[in-house]
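Take a look at the sequence and structure below.

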Number of protein chains: 2
Amino acid sequence: MLAKTPPPPYYAVIFTSLKTEGNTSYAEMAQRMEELAKQQPSYSGIESAREELGITVSYWKDVESIRNWKMNLEHLQAQKTGREDWYSHYKVRVCLVERDYGFEK
Amino acid sequence: MLAKTPPPPYYAVIFTSLKTEGNTSYAEMAQRMEELAKQQPSYSGIESAREELGITVSYWKDVESIRNWKMNLEHLQAQKTGREDWYSHYKVRVCLVERDYGFEK
């Protein structure tokens with residue numbers, strides 16, 4: 001499903017990643033992090049897809065909440081395991097969504 | 001592959017979509033639009049993945065080039081066919097990338 005985001009301006013965090021062969025506990029972690037993100041203040045939705053490349057975009061009402069989410073203890077542990085085991089390469093981009101528009105049949 | 005983007009600030013266009021059952025010429029169009037985007041001024045990379053949801057993020061050095069790309073004649077035709085045939089729902093978000101960081105093994 002597409003995220004139901006508020007009217008701009010709001011924030012997007014684009015997380016792009018390539019995985020290693022290792023998959024130990026990856027699916028559980030991904031699901032847990034999504035559940036945990038949803039409980040954070042100012043969280044406004046998430047969109048995710050993976051083929052060779054994985055792209056997860058999370059949406060937030062303010063940038064402070066993004067900083068707090070990055071520093072969440074359980075999330076910090078997931079980031080550490082991500083670097084050690086799951087990901088060969090990733091990039092995080094913190095963005096201000098200035099405008100948006102869409103289409104629905 | 002992850003896009004090799006310049007140091008921030010730069011722009012990201014997040015295009016999220018749900019497809020219809022119709023697939024006529026979709027793959028050809030997607031490939032052609034990617035080739036054409038790469039020829040535009042200030043284009044800085046593209047990242048794409050599709051499961052149920054499709055996410056394509058294109059990166060740009062300035063916002064004027066995003067406007068020009070949206071108005072490109074061949075791209076306008078693809079947008080029209082997209083609404084008529086390919087997509088049941090989509091959203092476009094134009095974003096200023098304020099900071100980024102990454103990890104590579």
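## Where the chains meet

In this predicted model, the contact takes 33 residues from chain A and 33 residues from chain B. On the side of chain B that touches chain A, the elements giving two or more residues are β1 (10-19), β2, β3 (54-60) and β4 (87-104) of chain B. The largest share comes from β4(B), with 18 residues. By class, this side of chain B has 17 nonpolar, eleven charged and five polar residues.

Which surface does each copy use? Of the interface residues of chain B, 100% are also interface residues in chain A, so the copies meet through the same surface.

## How the copies are related

Two copies of a chain are related by a rotation about an axis and a shift along it. Here, chain B is superposed on chain A by a rotation of 180 degrees, with 0.0 Å of shift along the axis. The RMSD is 0.0 Å. That is the relation of a two-fold axis.

## One sheet across two chains

Strands of a sheet pair through backbone hydrogen bonds, either parallel or antiparallel.

How many bridges join β4(A) to β4(B)? There are 15, and the two strands run antiparallel. Follow one pair: A:Leu96 has B:Leu96 in β4(B) as its bridge partner.

A:Ser48 stands opposite A:Thr56 in β3(A).

Turn to chain B. Seven bridges pair β2(B) with β3(B), again in the antiparallel sense. B:Glu47 faces B:Val57, its opposite residue in β3(B). A hairpin of three residues joins β2(B) to β3(B).

## Helices of chain A

Two other helices pack together. Helix α1 (residues 26-38) of chain A meets helix α3 (residues 73-86) of chain A at an angle of about 150 degrees, and their axes are 11 Å apart. The angle makes α1(A) roughly antiparallel to α3(A). Their crossing is left-handed. From α1(A), the contact uses A:Tyr26, A:Met29, A:Met33 and A:Leu36. From α3(A) come A:Glu74, A:His75, A:Ala78 and A:Trp86. Six of these contact residues are nonpolar, one is polar and one is charged.

## Helices of chain B

Helix α1 (residues 26-38) and helix α3 (residues 73-86) of chain B pack at about 150 degrees. Their axes lie 11 Å apart. That makes α1(B) roughly antiparallel to α3(B). How do they cross, left-handed or right-handed? The crossing of α1(B) and α3(B) is left-handed.

On the α1(B) side, the contact is made by B:Tyr26, B:Met29, B:Met33 and B:Leu36. On the α3(B) side, B:Glu74, B:His75, B:Ala78 and B:Trp86 take part. The contact residues of α1(B) and α3(B) divide into six nonpolar, one polar and one charged.

Notes. Residues numbered from 1 in each chain as written. Chains lettered and ligands numbered in written order. Predicted model: local features only at pLDDT ≥ 70, side-chain atom pairs only at ≥ 80, totals over all residues. Least-squares fit on C-alpha atoms with pLDDT ≥ 70 in both. Contact = placed C-beta atoms within 7 Å. Pairing = 2+ DSSP bridges. Helix = DSSP H or I, 4+ residues; strand = E, 2+ residues; numbered from the N terminus. Axes fitted to C-alpha atoms, helices over the stretch in contact; angles between N-to-C directions. Parallel < 35°, antiparallel > 145°, perpendicular 65-115°, else oblique. Left-handed = near helix turned anticlockwise from the far one by under 90°. Nonpolar A, V, L, I, M, F, W, Y, C, P; charged D, E, K, R; others polar.
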